[in-house]
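Hi everyone, thanks for coming. Please have a look at the model on the screen, and I'll walk you through a few parts of it.

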Amino acid sequence: MSSSDGGDDGSASSGAGSGPVVLGSKPIEDGFSQLRVTDLANGGAANDGDGEAAAAEGSGGREGIAAEVGEVEDGGAASARAGGRSEIEEIGEARVMWRSNSEGEGEAQGSPSSSGYAGERGSSSGGSGIGEEEGEEEDEIEEVRSDAVSDSQAAWMPGKRHVMQDDASISWRKRKKHFFILSHSGKPIYSRYGDEHKLAGFSATLQAIISFVENGGDRVKLVRAGKHQVVFLVKGPIYLVCISCTEEPYESLRGQLELIYGQMILILTKSVNRCFEKNPKFDMTPLLGGTDVVFSSLIHSFSWNPATFLHAYTCLPLGYATRQAAGAVLQDVADSGVLFAILMCKHKVVSLVGAQKASLHPDDMLLLANFVMSSESFRTSENFSPICLPRYNPMAFLYAYVHYLDVETYLMLLTTSSDAFYHLKDCRMRIETVLLKSNVLSEVQRSMLDGGMRVEDLPIDPLPRSGSLLPRLGQGRPVTDSQESLKEAYAGIGGPAGLWHFIYRSIYLDQYVASEFSPPFNTLRQQKRLYRAYQKMYASMHDKGIGAHKTQFRRDEHYVLLCWVTQDFELYAAFDPLADKASAIKTCNRVCQWVKDVENEIFLLGASPFSW
Amino acid sequence: MGCSSSLPDRASGRLGGLNSENGAVNDAKNLRVKLVLLGDSGVGKSCIVLRFVRGQFDPTSKVTIGASFLSQTIALQDSTTVKFEIWDTAGQERYAALAPLYYRGAAVAVVVYDITSPESFQKAQYWVKELQKHGSPDMVMALVGNKADLQENREVTVQDGIDYAEKNGMFFIETSAKTADNINQLFEEIAKRLPRPTPS
């Protein structure tokens with residue numbers, strides 16, 4: 001692995017000498033005095049800590065986490081004293097790690113006199129605990145890996161699997177990523193794997209950890225136990241916990257818990273809290289009856305849908321006039337008392353209109369689309385259901401009229417009026433007629449088949465202003481000789497300069513565009529790994545503790561990742577691991593230019609006042 | 001999704017709200033009625049509707065969200081037609097509080113239970129009481145024991161169903177959405193019981 005870029009290390013500093021960045025026209029070179037280089041030495045071992053290394057480098061303070069950690073440390077110390085088998089290790093930037101000794105497993109089961117956390121472990125059924133789990137993981141990791149491969153390569157099946165498992169079963173403990181929702185009294189509400197009711201003991205353990213820390217007037221955010229991170233999120237009477245050994249950053253896992261909570265609010269509204277005020281031991285599971293599939297599909301999307309960490313939505317590429325036509329008819333409807341009118345194809349937006357000043361948060365769109373797409377019932381007929389948009393108003397239900405116009409395209413009309421069904425039905429008929437007449441629906445289907453931007457198509461020379469992504473609309477792109485020869489030079493893998501993939505997020509539009517996956521990202525597993533890498537970059541670029549970075553260049557054995565953040569956009573790009581840095585930078589500039597050239601087709605413009 | 005009967009009926013009236021006034025819009029020969037299905041989750045409400053409207057049966061269970069809206073028109077022997085506008089409600093507990101939204105103003109309520117589940121029969125009785133309290137007084141009510149094909153697992157006797165229906169002035173029938181047994185009969189019987197408008 002090359003580390004020839006090491007020389008730039010010294011110049012890495014966040015925000016040094018950064019003037020205001022002018023709209024994307026400014027080439028990336030200007031920003032490169034601030035380039036931070038994180039060339040990884042090599043291989044997997046180093047991988048583990050690279051997030052921290054990068055973070056620690058930037059500046060000292062991580063007050064938020066450090067403060068939280070203080071309390072955990074106390075708790076941890078208690079456990080260490082009691083069980084005598086955990087040790088707390090404070091690592092460089094003041095995160096706490098809990099480690100079991102290598103022989104922890106045997107001992108853990110044989111210490112009935114332990115108290116504190118350790119005691120809780122002993123009492124949960126099957127004697128499972130975070131520490132032991134890790135011990136087992138060591139020899140089983142191979143099996144888990146192969147499991148994961150088959151899981152991710154086979155088509156994903158919605159719904160809850162492995163219902164028979166509980167915390168006593170080895171297969172349950174070997175799962176790489178668990179999500180739990182529980183009540184403040186320790187009652188299980190949701191578990192990604194296994195039957196919630198069988199996990200009552202385990203739930204109680206989690207609750208005990210949280211309340212132990214809360215009793216000290218603090219909050220537990222993160223516990224590390226070897227490879228595992230346990231992330232906690234407290235939302236009033238609802239506790240959410242993620243236990244993961246996927247090496248995703250804390251911020252990402254916490255963001256995922258926030259989305260899971262949001263999904264729950266979308267189904268029930270925040271007024272569910274009142275049930276706990278009346279009866280602290282309230283059992284919430286019946287209220288979520290039949291929604292396993294909604295949560296499992298959301299959790300699945302954490303590994304394939306960049307919207308889950310970018311907090312932006314993506315549009316289906318469409319000719320400008322086509323999208324305008326769709327927008328115009330939705331606007332008509334919005335003027336007649338509909339709060340939001342949203343036309344989507346799978347998870348991509350065709351068009352979207354809000355009444356007057358109402359604006360829709362991208363996270364709400366993600367959760368709403370996930371809810372609709374994961375529930376088969378919407379596909380069978382017209383539907384009128386109460387839903388809540390957590391970012392819009394977490395306390396109140398809106399009413400959603402949902403209708404599929406074809407197998408993948410669906411219309412959602414949201415209103416505050418519970419009596420509006422027949423009006424919305426009329427609106428839908430009007431919209432459907434217009435969409436059919438103006439060929440919007442057939443264009444949508446064509447776009448789904450054609451796909452979006454491909455790195456192979458990255459123009460070598462800047463396109464004329466009227467550039468078009470869609471060949472049929474731009475009368476085909478002239479393929480120049482130089483373009484042809486260049487393609488050959490790169491032997492058919494990726495685009496120029498070894499560009500494999502990119503995501504461009506427009507900050508003002510709340511939208512992103514991702515290139516289509518092309519070789520070498522052939523499998524879902526590889527795609528998932530890339531998204532995880534982007535996600536890590538996103539977290540480090542947005543780390544509040546160390547201030548915002550402008551650029552980041554990172555090389556590991558899988559790829560070179562380049563990230564560039566300005567006031568207007570964020571660009572995440574993946575290159576061949578042997579890619580040359582200078583030409584990678586040049587290519588990123590070209591990607592930005594390309595996005596600008598075709599923005600009429602890949603973005604929904606006019607959805608926000610800043611967009612033109 | 002290629003299903004004719006639930007596709008928009010462009011001629012249908014423009015009545016605001018979930019409730020087409022009184023649930024029944026009438027000229028003497030063409031009736032239009034609002035019908036609501038209620039019952040515990042998993043008893044087969046959606047299957048009954050899909051069997052009636054599309055002649056389909058899908059054994060994979062799909063949980064209904066909120067309420068689905070479908071319509072189907074049938075012709076009676078006296079050459080009147082009845083257009084059912086059917087609200088197929090979700091059986092989940094969280095939607096119970098929202099049920100009035102769907103049954104308010106309905107001319108017909110079909111309360112469904114599963115003959116293999118006494119709990120669902122209990123739940124049906126809850127819905128009947130709820131409708132007696134809050135539904136419109138002249139509502140036609142039907143009690144339906146579904147999954148009649150599962151005779152060997154039966155736990156609610158036919159007599160129990162009949163007795164309860166009689167006591168509450170309901171029409172009773174056992175159906176199987178799976179075999180299509182009695183599905184059309186159910187809706188035909190309902191149609192016959194509808195109050196006819198006096199020709200003016």
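A word on conventions: residues are numbered from 1 along each chain as its sequence is written, and chains are lettered from A and ligands numbered from 1 in the order in which they are written. This is a predicted model, so local features need pLDDT of at least 70 and side-chain atom pairs count only at pLDDT 80 or more, while totals for chains, interfaces and linings use all residues.

Let's start with chain A. It is split into domain 1 (152-302), domain 2 (318-449) and domain 3 (451-602), with bounds that come from an automatic or database domain assignment. Between domain 1 of chain A and domain 2 of chain A, the C-alpha centres are 30 Å apart. Their contact draws 14 residues from domain 1 of chain A and 15 residues from domain 2 of chain A; two residues are in contact if their C-beta atoms, placed from the backbone, lie within 7 Å. On the domain 1 side, helix H9 (250-268) and helix H11 (292-301) of chain A each supply at least two residues. Helices here are DSSP runs of H or I with at least four residues, strands are runs of E with at least two, and both are numbered from the N terminus. That side of domain 1 has seven nonpolar, six polar and one charged residue. For those classes, Ala, Val, Leu, Ile, Met, Phe, Trp, Tyr, Cys and Pro count as nonpolar, Asp, Glu, Lys and Arg as charged, and the others, Gly among them, as polar.

Now, which residues make the contact between H9(A) and H14(A)? From H9(A) we have Leu259(A), Gly262(A), Gln263(A) and Leu266(A), and from H14(A) Asp363(A), Leu367(A), Leu368(A), Asn370(A) and Phe371(A). H14(A) covers residues 362-374, and the two helices pack at about 65° with axes 10 Å apart. The axes are lines fitted to C-alpha atoms over the stretch in contact, and angles run from 0 to 180 degrees between N-to-C directions.

Next, strand S12 of chain A, residues 382-387. Six of its six residues are buried, so S12(A) is largely enclosed by the rest of the structure. Buried means that 20 or more other C-beta atoms, placed from the backbone, lie within 10 Å of the residue's own. Glu382(A), Phe384(A) and Pro386(A) point one way, and Asn383(A), Ser385(A) and Ile387(A) the other.

What does S12(A) pair with in chain B? Its partner there is strand S3 (residues 67-75) of chain B, antiparallel over three bridges; pairing needs at least two DSSP bridges. Asn383(A) bridges to Ser68(B), and Phe384(A) to Ala67(B). Within chain A, five bridges join S12(A) to the antiparallel strand S13 (residues 398-404), including one from Ser385(A) to Ala400(A).

The contact between the chains takes 25 residues from chain A and 25 residues from chain B. Helix H15 (377-380), S12 and helix H16 (421-437) of chain A each supply at least two residues of the chain A side, which divides into ten nonpolar, ten polar and five charged.

Finally, chain B has five helices and seven strands. Of its 200 residues, 46% are buried.

How values were computed: Buried ≥ 20, exposed ≤ 12 C-beta atoms within 10 Å, placed from the backbone.
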